[in-house]
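The following note sets out points for a colleague examining the model below. Please read each point alongside the coordinates.

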Amino acid sequence: MDVLSVCVIDDDLAVRRGITRLLEISGYRVEAYASPLAFLQDATLSNFDCLLMDVRMPGFTGFDLYDRLTSAGCSVPVIFITGHADANMAGHAVRSESVKVLVKPFDEQALFDAIRQAVETARRAGHSTGPNTGMAARG
Amino acid sequence: MERRDFSTQFGATSHPVVLAVLVCAAYYAAAVVGLALRFPPATTSVLWPPNALLTAMLLFTPTRRWWLVLLAALPAHLVLELRNWSTVVVAGLFATNCSEALLAAGGVRLLSREPFRLGTVRQMAIFIGVAALFAPLVSSFPDAAVVSSFHSERYWDVWNRRVVSNVLSELAVVPTVAGAIGVAAGSLWRWRGRRWMEASVLFAGLVATALLVSRQPAFMPGNPRWPLVVFLPILLWAALRFGPEGVALSLLATAVLTLGAATHGVGPFNQQSADEGVRTLQIFLIVVAISLMCASALDNERRRAERALSERLQFEEVLSRMSAAFVGLPCDEMPRAFAFWLERLAGFFGWRDVLLALYDESQQVALAHWSTFHADPHTRLSLRTEFPWAVERVKTEGAIALHVSEDMPAGAEQDREALARHGLASAVFVPLKSGGHVGGLIVIMTPTHRTEWAEPLLGKLRIAADVLANALARMRAEAALRESRDELSHLTRVSAMGELAASLAHELNQPLTGILSNAQAARHILDANERRRRVDLQEIIRDVVEDAKRARDVVGRMRDLLRKSATERAPVDLNELVTVVAKIVTSDSLIRQVSLELDLSPHAPRVEGDRVQLQQVVLNLTLNALEAASISDHHPRTVLVKTEANDRYPIHLFVRDTGPGLIAGSEQQVFEPFYTTKKSGMGMGLAIARSIVEAHGGSIWAATGRDRGAEFHLTLPAIDRTVTQPWTS
C-alpha cells in the first residue's frame, strides 16, 4: 500500500497541527497550509491524493477554492472539514459525490474512512478529464 | 400657630399665695378708686371697679380656685369699708359684690365653653349680656335692700345708681384686666416700634382731652354734655386699632377722669348739675362702650378670617411648590426631595419631629424613612414594633391621632408607652394613599403638650400626604420598570446569544478538534512505543493543554454575556472591549463574507461603567452592521468599528457599515422598542443599547454613512466625570 499524500488547509493553527500530527502518526504524508491563497501559490497539486479543507477562512473560503480548482479542471478529491453545518454546505455536498463533509471535532476513524473513500472514488473515476468525472457533474 | 391658652393657665399654674396677694392688692386699689368716685353721703359709687375686678379674676382662674379669689378679696374690702360703715353693711355689701362677680363669671363660663377671650362677636355678646347687664341688674336687688334698710336711702335710687355704675364698671374693667393679663403673658413684646408710638399718641390725646375738658376754655359751650362728643374720636380710634382691650382701657381712663371731674365739681360740672351730668356721662359711656366693643369684636373677627385666609394661602403656596417640585422629578433625586420637603412642612407648621416611612411589599413598615429628628441623632424609631396599634389602624382608617393621656382606646397601651418613653405628648399618623393602595406613612409628633389635631389641620396634612404618595407611587413604578427592563435585557442577550450559538459552536470546535486529534495521535505513539517520539508526546500534551484553555475561555466569554448582572461600575477600556467583540464575531463575519475592520485610537480614555453591558452594546451594534452589510450587493462589504478621543467627545465610538443604510427619517425611530427591519427579531436591541448608554451618561445616535450605509455613533463620559447612582429599592 503506497503512502497517501494529504494536504490540510485550515486557518486555525490548533486544527492544522492536530490533524497533521494524527495523519503523520498514522502513516500519511501531510502538508499543511494556512490559507487557500498560500496553497495556490506554493503547492503542487499533483503531489496530493486528497485535500482536506476548512470552509470558513478569511478572504478566500473553502468553497471559493473548490470552485477554483474544479473550474481549472482539477480532479483531486476534496474533503471539507467544518464546525458549522450550514445550508450552503448541504447544497454543495449534494451536488457532487466526490465531495465529502466532516464535522469537527471528528473521530480518527471517520477521517481515515473519508480519505480512503475519497481516494478510491477518484481512482475509480480515473484521473482523466472525461465527461464522467465527478467534477463535470458540478452544476 | 399654637396659641398658648393663657386664660386657664394663669389661674391654674400660679402659686395660691401669689394669686391671693395679687387679688387682694388689686381689689384694694380698685376700691380706693371707687370710693373716691362718690357723691357723699350716697353709699353707691359712680364707678365701682372692685366687682368687675373680681369678675375678671374669676374668669381667669379655674372653678375649683374661686373660693380662694373671693376669700383673698375680703381683707381689702373690710379694711377699706369698715372705716365708713357698720360691720353688717360691710358684710352685706361684700356678699352682694361677690354675688355679682359669681353671676357674671359663672354665666359667661356656662354659656361659652371656650376659655374667656373677647375675640368673636358671639363671645362679646355673651359677655355684654351676662356679665355687663344681667349680673349687675340682678345683684343690685339685694344690694339696694341692704343699703336702703341701713342707710335710709330710697330703694330705687340706690338700685338705679348701682346698676348704672356697675354696668359701666364691668364693661370698662373686665377687658382691661384681660388685657393686663395678656401683657403679663408677654404679648406686648410682640409690638413693634410703630405700634408703641401709636399707643402713646392715643394715650396722650386722651389725657389732653381730659385736661381740655377740665379747663373749660371759653370757646367751648358750658353745657356739661359736650365732653361726650370730644372723647368719641379717641375711643373709636382705640376700638379699631387696639381691640376690645384697648377700648376698655381708654374707656376706663375716660370714665375715671370725667367722672372724677364730675363728682368733684371740676370742669363743666357745677354742683347743681353734677348729679345729672354724671348720669348722662354714665349712660353715654355705657352706650359707647357697648357699641365700640361690638364693633371691635366684628373687626377682630374680620382680621382673624383674613389671617386664616392668609395662612391658607401660604399653605397652598407651599403645597403647590411641593407638587411642582415632584412633577417630572427623576426618581434618583426623589429621596433627597422627600427629605427636603419634609423639613419645609415641619417648618411651616412649626413641628419639631416629622417622619416619613415607606411600606415594603408585605405592608410592613419602614423600608426606608426620613425624619427631622435633629435634637438627638441617635433617636431611632421603629414604627412597627413601637406603635403597632396605630400602624395597623392607619391602613384602614385614615389619619389616627395618638395621645399619651388616658383617653385612648384599648389596645393602644403599647403605643402610649412608646410615646411616653420618647418624651412625646401627641402624635398623628397620616397614610400615604395612592390609587387605593397605602404606600407609607407620615408621622408627626409633638413633645410638649397635647395637640388636638383638629380637622382643618388634618385636611391640610392629607393634601400634603397625597402629593407625597403620588411621588412615591411613581418612584416605585419606575423602579419596577427598570427591573423588568433588566429582565428583558437579559432575555435579549439570551436570544442574541442564540444567534451566535452557531458561530460560537464553531469557535469551540476548533480547539476541540485539536485536542481530539492530538490525543488520538498520542495514543498511537504510546502504542508504537518508540523512544524517539517522546519529544513529540511532550509537544502534544502542551498543545492539548493550550487548546483546552482556549475552549474554556470561549465558554467563559459566552457565560459572561449570558450572566444577568447587576449594574457594576468599574473602569473599562473600550478598545479592549471592541477587540473582544471582534473576536467573538469573527466567525460570523466570515459566514456572511463581510470584512471587519478596527480602527482603535490609542488615546481613548477609559470609561467608568458596567463592562458586560457596554460589551453588549458594542456587540449589538456590530452584529447589526454585519447583517446589514451582508444583505447588500455593494462590494466591498465592510464593517468599520472606530474609536477616537477629541475635545468635542472624550470618548467616541462608531460602527459604519456598507449596507443599505437607514430608511430616510428613521434616525430616531430605530432606537424605539419593537422597531426592526429584520424578519425575525424583537427590535429591542437598539432600545436596550440606548438605555444602557444613557444610564452611563453618554449618548447614542444614528446617521447615514459616507458610502450610503448606516453609521451608529456613541459617546461616553470619561472616567473622571461622576455618574450618579440610581436609587434601587
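**Notes on the predicted model**

1. Helix α4 (residues 66–81) of chain B contains 16 residues and reaches 22 Å from its first C-alpha to its last, close to the 22 Å expected at 1.5 Å a residue. The expected span is 1.5 Å times one less than the number of residues in the helix. Helices (H or I, at least four residues) and strands (E, at least two) are DSSP runs, numbered from the N terminus.

2. On conventions: this is a predicted model, in which local features need pLDDT of at least 70 and side-chain atom pairs count only at pLDDT 80 or more, while totals for chains, interfaces and linings use all residues. Residues are numbered from 1 along each chain as its sequence is written, chains are lettered from A and ligands numbered from 1 in the order in which they are written, and side-chain values use heavy atoms, with hydrogens and water left out.

3. The buried residues of α4(B) include B:Trp66, B:Leu70, B:Ala73, B:His77 and B:Glu81. Here buried means under 20% relative accessible area, exposed over 50%, and partly exposed in between (1.4 Å probe, protein chains only). The buried residues of this helix pack against α2 (16–36), α3 (49–59) and α5 (87–111) of chain B, where contact means heavy atoms within 4.5 Å.

4. For chain B overall, the secondary structure comes to 19 helices and twelve strands. Buried residues make up 49% of its 729 residues. Among contacts between residues at least 6 apart in sequence, 69% join residues at least 24 apart.

5. Strand β12 (residues 710–716) of chain B is mostly covered, with seven of its seven residues buried. On one side these are B:Ala710, B:Phe712, B:Leu714 and B:Leu716, and on the other B:Glu711, B:His713 and B:Thr715.

6. Six bridges join β10 (residues 651–657) of chain B to β12(B) in antiparallel fashion, and B:Leu653 stands opposite B:Leu714. Strand β11 (residues 699–704) of chain B is also antiparallel to β12(B), again through six bridges; the bridge partner of B:Ala702 is B:Phe712. Two strands pair if DSSP finds at least two bridges between them. β11(B) and β12(B) form a hairpin with five residues between them, and B:Arg708 in the turn has a positive phi of about 60°.

7. Chain A holds an open sheet of five strands in the order β2-β1-β3-β4-β5, with parallel pairing. Its edge strands, β2 (29–33) and β5 (99–103), each pair on one side only. Neighbouring strands are turned by 20° against each other on average, direction ignored. Axes are lines fitted to C-alpha atoms, for helices over the stretch in contact, and angles run from 0 to 180 degrees between N-to-C directions.

8. Within that sheet, four bridges join β3 (residues 50–54) of chain A to β4 (residues 78–82) of chain A, and A:Met53 has A:Phe80 as its bridge partner. Helix α1 (residues 13–25) of chain A packs on the sheet, touching β1 (5–9), β2, β3 and β4, and its direction makes about 170° with that of β2(A). Helix α3 (residues 62–71) of chain A lies across β1, β3, β4 and β5 of chain A, at about 145° to β3(A).
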